[in-house]
Amino acid sequence: MKKIIILISGVFMLVTSACNKLEVEPKGFVDLGQFYKTEADAYKALTAIYVPLAHSSFYGRDWFFAFNILDDVTYYDRNYTNDDVFINNFNYTNTRLNNLWKNLYDGANRATIFLENIDKINFADEDLKEAYKGEVKFLRAYYYFILSSMWGDVPLRLTGFTSVDQEMSMPATPKEEVFDFIIREMEEAEAMVYPATNFSHMGRVTKTTVQGILARVYLKQAGYPINKGKPAYEKALHWALEVKSSNIHKLNTVYRNIFINLSQDKYDTDFRESMWEVEFSGDNRGSNQTAGFLGSYTGIYCNDNVTPTSPGWCYGYVSTTLKMEDVYVTNQTNGTTIDTARKNWNVPNYYYSYNATTKLTSKLERAANQLVYRNAGKFRREFIPSALNSANEATPINFPILRYADVLLMIAEADNEVNTGPTSIGLEAINDVRRRAMPTIPLIALGDMDYLAFQKFIRDERARELCYEGTRKLDLVRWGIYVYEMTTGRREMMDDARWHANKQFASYIINFTSAKHNLYPIPSLEMSTNTKIRQNPLW
């Protein structure tokens with residue numbers, strides 16, 4: 001893998017605060033021989049291992065903007081794009097693909113170097129050193145979790161590199177072994193890191209964060225392409241229940257407030273529903289260089305980058321399919337319900353338009369026949385404090401990697417798979433999520449649904465609750481239905497008379513999607529320098 005690896009390439013200094021929030025800014029290069037001498041060095045190095053999460057190739061932009069709009073509830077709302085990941089028409093030279101691969105390996109390598117050197121430092125508090133090690137072991141495993149989830153067999157590099165001269169070719173490690181490593185590292189880390197109650201923010205890895213992500217890892221291991229099945233579902237259920245039994249996390253009583261808090265940089269320690277966030281700040285102007293693009297690339301369309309009172313410039317690149325119209329209407333044995341609270345927030349029926357003549361911006365409703373014009377509106381710039389909501393495209397909105405609602409839905413899914421039908425454990429979990437959105441809804445009871453009906457209900461519930469949060473495509477892949485949904489499923493939606501004629505370009509993805517798209521091609525960056533790597537089958 002030909003990439004220049006310098007220890008903490010552009011190391012990021014932690015600006016300490018009372019709550020130990022990770023706030024980062026570039027500080028230049030560091031010589032390994034002069035580093036890892038003090039606790040402050042360890043803290044800087046720890047911070048640098050978090051930094052790849054916020055990179056533009058990952059949660060800073062491309063994860064939600066490019067890689068995860070290839071699903072059944074969203075489409076890329078631009079007619080001129082016919083060659084990119086947005087419509088599955090790309091190859092191994094794709095820049096976004098190469099950048100994400102490099103960024104994930106950079107993060108994993110920084111973690112390995114940390115673990116190789118941390119014991120050179122004497123800590124006044126050995127528990128603190130242990131917690132740092134736990135965070136780093138988890139982060140390295142998480143980077144490999146994303147790598148293997150996207151690419152399958154990948155090189156498992158567990159020796160740190162500080163220069164290109166140390167580069168080595170190595171074959172890909174089978175995905176089964178990569179996941180064994182991921183699980184082993186995360187389970188070790190779970191006993192090492194601090195509980196969430198030690199922090200007043202959600203930027204650091206904590207014990208329940210590790211438990212929740214372990215549940216996610218095991219669900220992936222249970223499904224495609226490893227297909228480990230029931231034993232993995234049992235472990236997913238175990239770890240998700242560990243989060244619940246901690247009694248640290250609860251559902252915020254108002255769904256929309258979760259995302260308003262993310263926009264306003266508020267950390268909700270009363271509920272702690274948002275369990276792990278990638279933290280952003282500022283607008284990438286002046287000294288504020290740690291902003292992302294959530295709300296401007298995916299958000300409610302607004303062409304006002306002029307007026308001081310603009311609700312926030314947004315391209316509106318990501319729009320919703322008819323599934324997002326239909327999924328919020330549920331038919332159960334106890335009646336039909338419409339989930340208006342989540343629907344109105346996630347699929348808003350309005351946009352903003354600036355009039356250059358009047359110099360005013362209006363909030364306009366979509367026409368009744370414009371269902372698929374509606375933007376993915378979960379993350380909104382209009383709630384960013386005006387001082388931070390500048391006319392450019394950078395935003396301080398934090399990205400939620402893991403929420404407690406997701407943990408509850410993982411409990412419901414794993415319970416159904418383990419027992420070939422829902423038990424009271426799974427029903428309680430899914431009812432909690434649905435009751436928050438619809439307080440008067442009749443609860444799902446034992447006997448209402450069999451295994452297959454509840455499985456479909458859970459999958460739809462994940463769309464209702466977690467849409468646009470970067471998990472949907474990976475869900476479709478692990479369930480083994482990704483290709484079907486992007487071909488037959490998309491075609492059926494577009495044959496519906498409600499699909500607007502002006503949005504026929506959403507069919508492009510049908511023409512390019514095939515079985516090979518369950519995994520991505522090994523990027524050209526790796527293929528050109530690693531003599532032992534082989535391209536993924538079908539690519």
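## Aromatic pairs

The count comes to 43 aromatic pairs, where rings of Phe, Tyr and Trp (its six-membered ring) pair if their centres lie within 6.5 Å. Planes under 30 degrees apart count as stacked, over 60 as edge-to-face and the rest as tilted. Tyr59 and Trp63 have ring centres 6.0 Å apart and planes at 65°, so they pair edge-to-face. Tyr59 and Trp63 are buried (under 20% relative accessible area, 1.4 Å probe, protein chains only).

Phe67 and Tyr520 are also edge-to-face, at 5.8 Å centre to centre and 90° between the planes. This pair links distant parts of the chain, 453 residues apart: Phe67 is in helix H2 (residues 62-67), Tyr520 in the loop between helix H16 (508-512) and helix H17 (524-527). Phe67 is buried at 1% relative accessible area; Tyr520 is buried at 5%.

## Charges over rings

The charged end of Arg380 sits over the ring of Trp345, 3.8 Å from its centre. The criterion is NZ of Lys or CZ of Arg within 6 Å of the ring centre and within 35 degrees of the ring normal. Lys516 places its charged end over the ring of Trp539, 4.2 Å from the centre.

## Cavities

Ten cavities of 30 Å³ or more are present. A cavity is a set of points on a 1 Å grid where a 1.4 Å probe fits but cannot get out. H4 gives the largest share, four residues.

## Basis

This is a predicted model: local features need pLDDT of at least 70, side-chain atom pairs count only at pLDDT 80 or more, and totals for chains, interfaces and linings use all residues. Residues are numbered from 1 along each chain as its sequence is written, and side-chain values use heavy atoms, with hydrogens and water left out.

Notes: On a 1 Å grid over the protein atoms alone, a cavity is a set of points where a 1.4 Å probe fits but cannot get out, and a pocket is an open set with protein on both sides within 12 Å along at least five of seven lines; lining residues have an atom within 4 Å of a point. Grid points are joined across faces, edges and corners, and a volume is the space filled by probe spheres set on the points. Helices (H or I, at least four residues) and strands (E, at least two) are DSSP runs, numbered from the N terminus. Buried means under 20% relative accessible area, exposed over 50%, partly exposed in between (1.4 Å probe, protein chains only).
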